[in-house]
Amino acid sequence: MKISQPQARRIALAAQGFESGFAGNAAPTMRQVQKTIDRLRLIQIDSVNVVARSQYLPLFARLGDYDIALLDRARDRAPRRLIEAWAHEASLVPPETWPLLRHRRTADRVVGRFASYESRNPGQLDRLRAELADLPPLTARALEAHLEHDQVVEKTHWGWNWSSVKEGLEVLFHAGEVTSAGRTSQFERLYAPTSTVLGELAERVIPDEDAFIELIRQSARAHGIGTLRCLRDYFRLSTAQAAPAVEKLVAAGELIPVEADWWAGTVYLHAEAKRPRAIAARALLSPFDPVVWQRERAEALFDFFYRIEIYTPKHKRVHGYYVLPFVFGDRIVARCDIKADRAAGELLVHQVSWEDGGRDAETEAALEKTVGEMAGWLGLESYRL
């Protein structure tokens, strides 16, 4: 079976929930939020708040003007529909995905970090465990206050000043002993024992081989089509972990190798992937949206070279600080450097960079409409391009 680049784009966008554009004028419900969660299987978290916290943007791109409280409720209230875990990066995943990620919690670097912390802070992890077992979910700052913590803050990561309490909680988080029971309005984790948040799921052990097969299965459904690199990157599996799983899914008929000589490597189509003749997408994508987060995939499908320039010195930036790709139809036609000026009540588009052949009257009107919708969703009074 031969697949052209336009066909592959449509398959990929349909798998990600862009087949028919926004559902309509009615406010999206939790049912639609859940459908999107089921489709994506993970939502990447990022603390940058230039437009909105990154985890809120993928749902806006697919659903339109939804209430972000729905996503918060899915994460923070029992029975939880989402839980924080290291998946692609820091992510929200369905609770049933948590046992599939045990290999991340037992990786050598996590074990090494655990041992390093214990050697520098003997007895501190036991102290944190004991306090968390007796207290309701709370932030690192609140736990420090409870412990009457007065140690000197060490700078242990770029850009972060972490006390030994905060670092210890993160060590326990990465090891899976502690998780987030929600977030405060300041985006601080509310730490709690994983058993308290997940119940018996916290004790479920799935053999790694079976877990890798299921993670690749979920990745293939979410992608619709992709190479081994695409499929393993979704949950950040290694080639050694992912390749045998791909082979098993090919043997089972769930993945179908297809001809796509314009794409480097073997390309796999999910057997149940939709193959629409057209896509009605019209969306601004988070820099951390699955459509664009894997650079080689974005280049292969959309001829779109994407570099997140947040960490690039200002004088070296090409397209701006916080740049959102704009999808229209089945193409990425532009990228927009956007900022929500909350004090002025305005959504600012500092710069629009059009892709080759992307700019015409229709795409300009579509972009302005989408920017206006985003401003309304964010509760801003106006927008300016």
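Me: In strand S3, which way do Ala90, Leu92, Ser91 and Val93 point, and are they buried or exposed?
Reply: Ala90 and Leu92 point one way from S3, while Ser91 and Val93 point the other way, and all are buried. Buried means under 20% relative accessible area, exposed is over 50%, and partly exposed is in between, with a 1.4 Å probe and protein chains only. Strands here are DSSP runs of E with at least two residues, numbered from the N terminus. Keep in mind that this is a predicted model, where local features need pLDDT of at least 70 and side-chain atom pairs count only at pLDDT 80 or more, though totals for chains, interfaces and linings use all residues. Residues are numbered from 1 along each chain as its sequence is written, and side-chain values use heavy atoms, leaving out hydrogens and water.

Me: What order do the strands have in the sheet?
Reply: The order is S1-S3-S2, in an open sheet of 3 strands with antiparallel pairing. Two strands pair if DSSP finds at least two bridges between them. S1 (43-44) and S2 (83-86) are the edge strands, each pairing on one side only.

Me: OK, how many bridges join S2 to S3?
Reply: 4 bridges do, and S3 covers residues 90-93.

Me: New topic: how many disulfides?
Reply: The count is 0, where a disulfide is a pair of cysteine sulfur atoms within 2.5 Å.

Me: Is Cys336 buried or exposed?
Reply: Buried, because its relative accessible area is 0%. Cys230 counts as buried too, at 1%.
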